[in-house]
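Hi,

Here is the structure I promised to pass on to you. Please open it next to this email and follow along as you read.

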Amino acid sequence: MDTIHVTGIRAYGYTGYLAEEQVLGQWFEVDLSLELDISIAGKSDAIEDTLDYRQAIEIVKHQIETSKFALVEKLATVIAEDILQLDRVRQVRVQLSKPAAPIPHFTGKITIDITRSR
């Protein structure tokens, strides 16, 4: 199985446990690892034989920008489920980060890391 990595997808969204997160919003960052067979595309040089990863980027951005879940675990799961609907994707790893989680005296980031398969 081959892997396409798409990293650094950023979008502004309204998922969060605290009420102000769902009103004020915050930035989210997503890295994807998409497992599929790209051997045919490696020979044909035709986009029809691989995944047009612009579709995966649009799914991520759309879900972040339009969803209002309490938990980032739910957002990551919905992103993974949507991406698995794309042709050729057999498995997806979603790493979803909140780079500025509203936690007092905490300057790190929170990352949810899930892997889902067909």
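Predicted model: local features only at pLDDT ≥ 70, side-chain atom pairs only at ≥ 80, totals over all residues.

Residues are numbered from 1 along each chain as its sequence is written, and side-chain values use heavy atoms, with hydrogens and water left out.

**The sheet.** Four strands make an open sheet in the order β1-β2-β3-β4, with antiparallel pairing. Helices (H or I, at least four residues) and strands (E, at least two) are DSSP runs, numbered from the N terminus, and two strands pair if DSSP finds at least two bridges between them. The edge strands, each pairing on one side only, are β1 and β4 (110-117). Between β3 (residues 91-98) and β4 there are eight bridges in the antiparallel sense, and K98 stands opposite I110 in β4.

**The aromatic residues.** Rings of Phe, Tyr and Trp (its six-membered ring) pair if their centres lie within 6.5 Å; planes under 30 degrees apart are stacked, over 60 edge-to-face and the rest tilted. This rule gives two aromatic pairs. In one, the rings of Y12 and Y14 have centres 5.8 Å apart and planes at 80 degrees, so the pair is edge-to-face. In the other, Y12 and W27 are also edge-to-face, at 5.3 Å centre to centre and 80 degrees between the planes. Y12 lies in β1 (residues 2-13) and W27 in β2, so this pair ties together parts that are 15 residues apart in sequence. Y12, Y14 and W27 form one aromatic cluster.

**Q26.** Is Q26 buried or exposed? Its relative accessible area is 9%, so Q26 is buried (buried is under 20%, exposed over 50%, partly exposed in between, with a 1.4 Å probe and protein chains only). Q26 lies in strand β2 (residues 26-36). Leaving aside neighbours within four places in sequence, its contacts (heavy atoms within 4.5 Å) include Y12, T15 and K98.

Enjoy exploring!
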